[in-house]
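Student: Could you take me through the salt bridges in this one? I'd like a close look at who pairs with whom, and how exposed the partners are.

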Amino acid sequence: MSPLDAKAPPVLKGQDGDGSVQVHQDMSVKIDGAKVFAVYGKGGIGKSTTSSNLSVAFSKLGKRVLQIGCDPKHDSTFTLTGRLVPTVIDTLKDVDFHAEELRPEDFVYEGFNGVQCVEAGGPPAGTGCGGYVVGQTVKLLKQHHMLEDTDVVIFDVLGDVVCGGFAAPLQHADRALVVTANDFDSIYAMNRIIAAVQAKAKNYNVRLAGCVANRSKDTDEVDRYCDTVGFKRLAHLPDLDAIRRSRLKKKTLFAMDPDEDIIAVQKEYIRLAETLWAGTDPQAPSALEDRHIFELLGFD
């Protein structure tokens with residue numbers, strides 16, 4: 001049995017509402033000093049593309065950036081590094097989980113424009129807890145003083161929020177950013193994420209920053225939802241083939257040969273980074289019941 005299976009994280013029951021179970025944060029691994037953002041959204045919506053380009057945008061503003069991928073497929077940072085880097089969990093396995101044997105260069109990799117990249121990885125399917133993996137990653141970073149010289153930390157989080165484990169980055173984050181699109185499924189997932197962040201906000205400092213409309217020609221449905229629940233759209237990234245090509249080339253948009261479209265998207269990412277760095281008012285939207293989303297969207 002691996003340490004991932006043997007060491008269950010402590011939990012607090014009922015603090016987020018009746019029947020809830022959440023991973024309890026170890027205050028010794030609290031991230032101090034840096035501004036911390038957790039990026040959520042429906043699976044395949046473009047969270048990693050958004051996170052990586054936002055990381056570069058922050059670095060272009062002169063900020064020292066660390067991006068942490070929280071997906072077992074560990075592809076959050078590959079457009080920054082040009083490859084799939086080893087995960088923290090795989091690296092720990094190589095030393096039989098003797099973390100004291102690791103050096104920072106064993107699990108932290110420098111990416112485009114100096115962005116520091118970490119892939120937490122995750123337990124095998126159906127085993128372990130994703131929240132525990134995130135906690136171990138942050139603990140390692142603190143033990144090696146990797147967070148002391150960091151201005152911005154971005155957690156790129158796996159898919160929709162379905163359990164306390166995947167919500168674990170919210171325990172470290174100052175602001176949660178939701179990536180969505182101008183369609184029902186993406187907005188439905190955003191509604192669930194809003195409910196999850198609001199639940200965690202009862203016990204942790206995390207607050208909602210707003211949403212990013214990604215891969216969307218228009219934003220009418222996103223804006224309709226935001227106006228209804230009291231949420232804010234912070235950016236709009238259109239459905240451009242250049243964005244698809246950048247992923248295929250294993251590059252961020254800032255490393256692509258510039259054309260008019262790419263320059264426009266670069267400017268939008270820079271504007272988003274400036275907005276987040278300046279500080280966003282905490283959003284407190286009221287998530288809708290499922291049937292209300294069906295009634296709201298798709299009708300003039």
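Tutor: Let's start with Arg103, which is partly exposed at a relative accessible area of 48%; here buried means under 20% relative accessible area, exposed means over 50%, and partly exposed is in between (1.4 Å probe, protein chains only). Side chains of opposite charge can pair when their charged atoms come close.

A quick word on the ground rules: this is a predicted model, so local features need pLDDT of at least 70 and side-chain atom pairs count only at pLDDT 80 or more, while totals for chains, interfaces and linings use all residues. Residues are numbered from 1 along each chain as its sequence is written, and side-chain values use heavy atoms, leaving out hydrogens and water.

Now hop over to Arg291, which forms a salt bridge with Glu289, with 3.6 Å between the closest N and O atoms. Glu289 is partly exposed, at 47% relative accessibility. Arg291 also forms a salt bridge with Glu295, where the closest N and O atoms are 3.9 Å apart. Arg291 and Glu295 sit four residues apart in helix H10 (residues 290-296), so about one helical turn separates them; helices are DSSP runs of H or I, at least four residues, numbered from the N terminus. Glu295 counts as exposed, at 51%.

Elsewhere, salt bridges with shared partners link Asp71, Lys73, Asp75 and Arg247 into one network. Across the whole structure, a search finds 13 salt bridges.

How values were computed
Salt bridge = Lys/Arg side-chain N within 4 Å of Asp/Glu carboxyl O. Helix = DSSP H or I, 4+ residues; strand = E, 2+ residues; numbered from the N terminus.
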